[in-house]
Every structure is written in structure tokens, then in C-alpha cells.
Amino acid sequence: MKMLKASLLFINTFLFFAACGQVKTPEFSHDDTLRGSITPERSWWDLKYYELRTKVNPPERFLSGSTTVFYEVLKPYQVIQIDLQPPLKVEKVTQDGQELSYKLDGKNAYMISLKKKQEKGKNESIVVHYSGNPIVAKRPPWDGGVQWVKDKEGNDYVATSCQGLGASAWWPCKDHMYDECDSMLISITVPENLKDISNGRLRKVIDNKDGTRTFEWFVKNPINNYGINMNVGNYEHFNETYDGEKGKLTLDYYVLPENLEKARTQFKQVPMMLKAFEHWFGPYPFYEDGYKLVDVPYLGMEHQSSVTYGNKYTNGYLGRDLSGTGWGMKWDFIIVHESGHEWFANNITYKDMADMWIHESFTNYSENLFTEYYYGKEAGAAYVIGCRKNIMNKAPIIGIYNVNNGGSGDMYYKGGNMLHTMRQIVNDDERWRQVLRGLNKTFYHQTVVSKQIEDYVSDKSGKNLSKVFDQYLRDIRIPVLEYKVEDGKFTYHWANCIEGFDMPVKVSLNGEKMDFIYPTTGWKALKKEAKDVKLDENFYVTLKKVE
Ligand SMILES: [Zn+2]
């Protein structure tokens, strides 16, 4: 996801940046810092494994359960931070059966005092019991939490979505993206007429003989907080197997009965998506956990190995083409975009939400690559270029670090266009594809900061793209290639750009073939007549004749 939420974030960031036409330091609260930074109460321990057990009571809109947090002590410290958002409340915390005391710092951060001496290298665990009415999602997935609705037959239909908001909206956890558990048990108890679909593989279903059943899911791979989900409903199931780069991949589809026939047709795009993305990005990153597509009452989200779907079984984005070119109507936006996140978001994950472009720019770009895979290079290019109409250029793509701030919504279309522009500079399609595949191999199942991705792309593409990243990620200006024709010579330079911007660009002079020129911010000249100057529109820049 997700466009609309990002534009809300964009509005926030915009207000901060645009107030005086200069960058101002925005105001963030103590809660934002506790949520968005690696506090001393977080940094001393490495999260290893979670056991989440929760009981869902739809009529009461109530959750109750516990998280067992397994961790390794990196350095001795006696206070551990666990986050849980009101109205949910921590009821009790224990370590080795002993009850612990805790203080609430801000609204969400429980600072728990450990009695047992925490020794470096030791593996420990705590059990955090909780209950309450979780935040009700007002406009999921953008304004997330837990969504409680009914299906057409009157059955309860419950789903979680919490990107940005944080998983602590529905269960107690270390709610920061830098540290992922290595694996996880998700055990959800629901009324016996319903099923829970979560991440990973279903290990068992327990009949509790009290009108409820417990669905135990196990995730074998590292998973980020917002990628974890529960979906409770009267699901039907069908499945198939995909022969992929790493062997057989199970594809499981969970949909409401009313959607079963539509899903059998629409979800034929899943193997198509996998074929295109394995080509461009390398093997699907979670073979052990399988791939699932799960009906939900909201638009969709990139939940790891259980992508959620609510695109109404139509192509486009709820039936619209975001590029305005027609190519966006050839495929289902949610199947393509949310699944693209399995590589960029779930495999390679930002440590800090300020670097959310790593998720959204590459995934927006994946829409272009999917289009190219099935409809050709010109179609893919037309799609990404068509999406430029959605770019605002009002605030930088990179947000503010350490306060859970996501930067501007330009991380989608502008980020996609930045990557498309870089591909032109690299000018070697196979090398570019190997850069994309190499990213997924090098940063496999890791959390990263922007610079790691930027350096890798520069290094492996053989082009120093650092100024290009700075220009498009950290500045709002779109470079202008200014040119003059003086004494029969074509002179040109970059304007409206960062200092030292020196991106190569392709132009055509007098109807000749597009070819590279190497502008800098200083003027350069070609000894060439230039009556008719055209810019290669694959580069996201503008052209201007000056006198
Ligand atoms: Zn997305």
C-alpha cells in the first residue's frame, strides 16, 4: 500500500516544509520519539521470536491474550520497552513466572523493570498479557487498526491493518521496524463458525469445545511488525502450485463464498505476477511460508505471505488506471502492487519509516516492470511516464528520522520515475535487472537504511548515482535542462537542481537519434547546429530554451 495514507502523510509533511518556503523543523511529540527511535530500552536486546496468542470476540469488539517475547541480551540493562496502544491495556508481565512491575511512558510505551539480571549473550523471554477494545480502523488501510464488519450473509468479518500506525494497535510488541523476529507463532482464537487467516503456514486448528476454535499459524521467516495480520471470516479456500525459481511454491487463496467464482478468474493473475517479478527481482522471498491472497473488507495491504485483497475483482486501482494510459487497466493493481511488496517491503525492509521510499518507489516501479514483461518495453515506459501526473513535488520523498514519519506521497510515482530514469542512465537492461535481483539477494530478509540501497545501486550499476538520489529523494525540484543556440552552437546546463548535479541525459538534435550528453551546472557547448531539440522523455527532467 498505499496511496491515500501516503497523501495524508504528505499533507503533514507539506505543512512543515511549505510554511515559509524553506525547511523547518517540524514538531513531534515524546510519543513520536518513543515510537520512532531506537530507545535505550530497545537497543540492548535483539528480538528473536514471538508467540502471539489472542482471542477475538467480534460481538464485543474485544481482544484478549498475550505475547511472549523471546530475545537475546546484547548488553546488560534492566528495563525493556514493549508498546501497546490504548484503549488496549497491559494486564500483567512475567519473566520466568515472576510478575514484573512497569510504568507507562507517554501513551504507548510500557517500560518494564526486569528483576532477573540480564547477562550479555543470554536468551530470555517475557510474557505480556493484554486485553481491551483495540483502535477501530476508521478508514483502513490508511487509518488502520481493527476493522469489524459483517459479510453479506451476516457473518462477522474482522481484519487488521496497521502500516504506520504500528502493530501495537492490536498486540503488544517491540513496535519499531529495525528489529524483526526471526520467526513467529500466531495463534488466533475465533468463534467456531469462522476461520482466521494469518501469515505463514497453518500448523493446526484446535477445537476448544467452548464454541471457539484456535488457528495456529507459523511464520518461518523474519517478518516486520506491520506485515503481521489476522483476518477472521467465513472463508472458502482453493489453491494451486507454482513452479518458480526456487522450486514449488504453494499458492493459497482465501475468499468469502460470494467471491469464489470471481476469485477463480481474477487470481489467475497471481502466477503471472510471480513469473514477472521472479524475472525482475529474483525468487519469491518466502517459499517456506507460501504465498496467500486473502479477501478483506478494505482495499489491500502487503501482509507478508498473506497479501490482503479488496480490489473488488476488477482490473486497475478500484477500476481506475492511475497512469491514464490504459496500461493500468490490463491488470489488477492490488495483486500486482501489494505482491510486489513481497520483494520491496517484506524482503528488504526499511529500518526507519523516513526511508519508506524503499518500499513504495520500487513497488510503484514494479508496476512498470510488470507491464513491460507482458506488454513490452514501450508499454512499461508509457505507464511510468503516465503516472507523472500524480507527482506533487511539494515535499521531499524522505521523511524525518526517528519519529515514525514517512515523507511525502511522491515516494510512489516520483520514486518510480527516479528508478526509470536511472535505468536510462545505466543504459544496459540486463545489468539493471541484475541490480534489482542483486538487491534482493544482498539484503535478503534484512532491514536497511536508504544509504545501503543507494550505494548498492551506484556500485553495481557502474554509475555514480548519488547526486541523482539526492536530487529526487531529498529535494523537491525537478532538474531543467536549459539550452541556448549561440553562434551555431548548442550550449546547455542543468538548472533548478542541487549543487554539482551532473546527470547524463539523452537528447535528439535536428531529428537525429537520441544520444547522451553530459551536462553539469556549468554551461557546456556542442559544435552543432540545434534547430530542433528533443529530450528523451524517459528521463524525469524538463527541457527549456533560454535566451
Ligand atoms: Zn505500496
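Colleague: Leaving aside neighbours within four places in sequence, which residues is L369 in contact with?
Modeller: This is a predicted model, where local features need pLDDT of at least 70, side-chain atom pairs count only at pLDDT 80 or more, and totals for chains, interfaces and linings use all residues. Residues are numbered from 1 along each chain as its sequence is written, and side-chain values use heavy atoms, with hydrogens and water left out. Contact means heavy atoms within 4.5 Å. Beyond four places in sequence, L369 contacts W280, F281, R423 and L436.

Colleague: Is L369 buried or exposed?
Modeller: L369 lies in helix α7; helices (H or I, at least four residues) and strands (E, at least two) are DSSP runs, numbered from the N terminus. Buried means under 20% relative accessible area, exposed over 50%, and partly exposed in between, with a 1.4 Å probe and protein chains only. The relative accessible area of L369 is 0%, so L369 is buried.

Colleague: What separates the C-alpha atoms of L369 and G380?
Modeller: L369 and G380 are 11 residues apart along the chain. The separation of their C-alpha atoms is 6.1 Å.

Colleague: Which backbone nitrogen does the side chain of H359 reach?
Modeller: H359 is also placed in helix α7, which covers residues 357-375. Its relative accessible area is 0%, so H359 is buried. Not counting residues up to four places away in sequence, H359 touches several residues, including M177, Y226 and H341. At 2.9 Å, the side chain of H359 reaches the backbone nitrogen of Y350.

Colleague: Why is the pair of Y50 and W171 edge-to-face?
Modeller: Rings of Phe, Tyr and Trp (its six-membered ring) pair if their centres lie within 6.5 Å; planes under 30 degrees apart count as stacked, over 60 as edge-to-face and the rest as tilted. The ring centres of Y50 and W171 are 4.9 Å apart. The pair is edge-to-face because the planes stand at 85°.

Colleague: How many residues apart in sequence are the parts that Y50 and W171 tie together?
Modeller: Y50 is in strand β1 (residues 45-57), while W171 is in the loop between β10 (156-161) and β11 (183-191). Y50 is buried at 0% relative accessibility, and W171 is buried with a relative accessible area of 0%. The pair therefore ties together parts whose distance in sequence is 121 residues.

Colleague: What is the angle between the planes of Y284 and F286?
Modeller: Y284 is buried, with a relative accessible area of 1%, and F286 is buried at 0%. Their rings form an edge-to-face pair, 5.9 Å centre to centre, with the planes at 80°.

Key: Polar contact = N/O pair within 3.5 Å; in protein donor to acceptor, adjacent residues only side chain to side chain.
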